[in-house]
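Subject: Structure handover

Hello,

Please read them with the coordinates open.

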Amino acid sequence: MNDLLVVGQSVVRIDGLEKVTGAAKYVDDLEFGPGLLYACIVESPVAHALIKKIDTRAAEALPGVVKVVTGADFPYKFGLYMKDRYIFANERVRFVGEQVAAVIAWDAKTAARAAALVKVTYEELPAIFTPCAALEKDAPLIHPDLGKYAFVPWFFPKANTNIAHWRKTRKGNIEKGFREADLVLEDTYTVPRYAHCAIETHAIVGLYDLSGRLTLWSASQSPFTQRNVIAESLAPLGLTHKDVRVVTPYIGGGFGGKAGVSMEIMGAALATVVKGHPVKMMWSRAQEFYNTYQRQGVVAKIKMGVKKNGAITALEHTLYWDAGAYVEYGANVVNAAGLSATNPYKIDNIAIDSVCIYTNLPPGGPYRGFGYSEFSFGIESHITRAAKALKMDPVAFRKRNAIKEGDTLPYGAPMNANGLAEAIDKVAAEIKWGVPEPSRDPTKKIGKSLVLFWKAPAMPPNAASSAFLKFNEDASLNILISGMEIGQGLLTVMAQIASEILTVPMTKIRVETPDTDRNPYEWQTVGSHVTWGCGNAVKRAALDAREQIFALVQRVYCLEKDALYLENEQVKCRTKPEFALPLRQFVIAGIQAEDYTYKGGPIMGRGVFMPEFASAIGDPETGQGGHPNVHYTTGAAGVILEVDPQTGKMKIRKAALAVDAGKAINPDLVRGQIIGGLMQGFATVLYEDMRFNDKGKLLNPNFSDYKIPTALDTPDEVVPIIVETPQPDGPFGARGIAEHTMIPCAALIANALEDACGARITTMPVTAEKVALKLNPGSAEA
Amino acid sequence: MTKTTITFKINGATRTVDVEPSDVLIDVLRDKLGIKSPKIGCDRGDCGTCTVFLNGQTVRSCLVLAVEADGGDIVTLEGIGADGLTPLQKAFVAHNSFQCGFCAPGVTLAATELLRKHPHPTRDEIKEAIAGNLCRCTGYTPIIEAIEDVASAKRPTRKSKQQTPKRTVPRS
């Protein structure tokens, strides 16, 4: 594969020009004319209550108001993996900020004014804000009807409890593993909730036209999933899939927050009551914090047995997830963690319990890392502590236990090919592991750490990708996919794959964002799986087009198909060197035969990919027997951290991350993911923290109080490292890498802090304040 | 509410619009004039994605009342690149500086202002200049490096002097 011309090159993004000129359009930039209506929701001020009465009269009387709707108007459930939500709260509210009603008006200000006039009478119920409280015997039930909900076959909800799903993974003999151990180490790690903080908030415009066609312009990572979930939920209104069209222009960041369906379903429902008028709903920054998916909090109890020689003999890992008021998506985060919470280590005796627990906080859901960022803090902290307890070098300990190709995964299937060992060595060399780093400032201390990570795409076993590819008269190409450009560079990478096969230059390829009416199916752009899945579909579409080209040339020119190849946008023939047929001569117009007739016609490629080896069904008690994950991407990361023991302030001197991309189709885009993902990960451990009051109200739903990093917070040096151990079923050997880059960050900081100052912090975030108090215990009272 | 008529220059064109006293500039630009590059990310001055030039200075257009712009001269990203890509825009493309692109208009204006005031900033000065523009995707490094590239190319050699683009924002 050394002769690749485009794949493996750091070409510039094909959407770069649109983005630097301001030409790129996002949902709120689209024009809908003077008929556009605006919607504003009425929010629950309480965390848990029965809705006794909703009085909409005052709101309806306000001039400019077109319609007021409540939950009673849409008694339809929805959900991706478990149908546990209504479009608007029906009978009961379960978190502060939940939508109870909505006002549609001729302008946004009137809609907001009218929403404040809707009077809702609540009967408050006891609320639960921690997973542990939700598990207590007499805890109030947040979903008394849990036993009646529809859910996917790999979930195990416990009716009449607050447990929405319990993923159990058992391998080997856990008791025997602990008996064999020379040392057993136990501790608990807690991780709070986090917000995605895409700079664009959620936005939806819905138009239910007079013919009964519903079109949605959605800021979403998941156009087809939205169409499916919305069409299913609104089926009682007579809508079918063909009647629902989802258009997704560029989105201003996703990070999982714009996966699945959240507020968008309200836009769809509201459109149906104002037929013929587009209706727009935009989330405010505050709503973006408290009424979209949040990253779930988790309490992780870890018990690990190790031998003196450094072997891990047993791991018991129990994860209690604060999944929030609805778990229709978040329960699958819990599931993913439950399958993989060993991290990339070969451990023969395992007991993982990943428990999805309802609380009266906003719904949890997908966030870059999908459970792995959350459990990595505990397990990677624990690994370093176990190594130190054995007086072993933490990197040597990791290398000894690192998983290898063919090793048995927690659920029984074999581990895929991977370059984990190479990643460890490269990161260790980059941060000069084992070599003490002198502090430039005597008042500050320096620590180092190195941790491992892995992650598999979490998706249904039949998550499919597809692609159409069509030639234009000049042999330029349009590629139609429904993988979503969310900033990662998907459009560019898909163009590179097609360019490589068809020899059409990048400047002649257009790939645009999806429209479910025009573009073929893609499940969702999540799980870092589209380079692999959608890439396979595009590759197959390009090969299909090439096959059509060769078949046509063979038919007209009587050349052996096997001797044909493409070069510089021409068909050439190995047995007839003088033959050179430019693509532009025939890919639309066909080829003129000797009798002056034309053969062929427009060349259009079609490609479909589904991981046919995957299965989500294993034994419910052990998780053994299925093949729920298609493959894991692995890697290692390291930091050199400077700590001021007086103030607790930390500065990252250097961060290095090596990820096994299989094949980096565009190395610069891979490096972009590494640099950006590290920053997002470091932010979760150093600055960010969602704070709720004792009534479940989020206290910091804005960027003044919830600090995300600025340019001043960048590490002094970031070294992205690409490892390439090909993924056999990936396009040109590629696998996804994007989420992975933030996963190791929390444990990196916690471990480097301990290395620097001896302080071990087991609760995230690891803020300067927390470090200062830990290192200067008397100062809190002073 | 009483409407007020205001007139200002926007990307070189003189426009007159009726606004309410409470209307903010970003909404007038986006909804009444179709200028879509400034975005709304937080609506309270935290994120910088609504940045525009008002009388040669960058402002958060979500914090400026439209009436304050009466008689003013506004330039947005649409105006910056109207005569072709600036060296800064070219550098952003070459460095794959942006991912989702939502912060790009604000960052570009902040960096443009920096390079006008300060043709040869240090890396720390670059960071400081764009610190009011939040980006969640990139970790900022590819943005900083692109600005550095332009700044180093702008060193006052005879060649680069000839290439200095003419100012698109007239001084007020």
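The secondary structure of chain B amounts to 7 helices and 5 strands. Note that the model is predicted. Along the sequence of chain B, the elements come in the pattern β-β-α-β-β-β-α-α-α-α-α-α. Of the 172 residues in chain B, 53% are buried. If you take the contacts in chain B between residues at least 6 apart in sequence, 60% of them join residues at least 24 apart.

The rest concerns chain A.

The largest nonpolar core has 322 residues. The residues with the most contacts inside this core are A:Ala102, A:Val103, A:Ile479, A:Met494, A:Ala498 and A:Ile749. Helix α14 of chain A (residues 530–557) gives the most to the core, namely 12 residues. In general, nonpolar side chains in soluble globular proteins tend to be buried together. Beyond its neighbours within four places in sequence, A:Met494 is in contact with A:Ile479, A:Ile481, A:Gly483, A:Val511, A:Cys534, A:Gly535 and A:Val538.

An open sheet of 3 strands in chain A has the order β24-β25-β26, with antiparallel pairing. Both β24 (564–567) and β26 (580–582) of chain A are at the edges with a single partner strand each, so one side of each has no neighbour in the sheet. On average, neighbouring strands of this sheet are turned by 30° against each other, direction ignored. Between β24(A) and β25(A) (residues 570–573) there are 4 bridges, and one bridge partner pair is A:Glu567 with A:Gln570. Helix α14(A) lies across β24, β25 and β26 of chain A and runs at about 125° to β24(A).

Elsewhere in chain A, strand β12 (residues 214–218) and strand β13 (residues 244–247) run parallel and are joined by 4 bridges. A:Trp217 has A:Val247 in β13(A) as its bridge partner. Together with helix α6 (residues 223–233) of chain A, β12(A) and β13(A) make a right-handed β-α-β unit.

A:Thr130 sits in the loop between β8 (119–124) and α4 (131–134) of chain A. A:Asp322 is 192 residues away from A:Thr130 in sequence, with 6.3 Å between their C-alpha atoms.

Regards

How values were computed. Residues are numbered from 1 along each chain as its sequence is written. Chains are lettered from A and ligands numbered from 1 in the order in which they are written. This is a predicted model: local features need pLDDT of at least 70, side-chain atom pairs count only at pLDDT 80 or more; totals for chains, interfaces and linings use all residues. Two strands pair if DSSP finds at least two bridges between them. Helices (H or I, at least four residues) and strands (E, at least two) are DSSP runs, numbered from the N terminus. A crossover is right-handed if, with the strands pointing away from the viewer, the path from the first strand over the helix to the second runs clockwise. A nonpolar core is a set of buried Ala, Val, Leu, Ile, Met, Phe, Trp, Tyr and Cys residues joined through C-beta atoms within 7 Å. A residue is buried if 20 or more other C-beta atoms lie within 10 Å of its own, exposed if 12 or fewer, and partly exposed in between; C-beta atoms are placed from the backbone. Two residues are in contact if their C-beta atoms, placed from the backbone, lie within 7 Å. Axes are lines fitted to C-alpha atoms, for helices over the stretch in contact, and angles run from 0 to 180 degrees between N-to-C directions.
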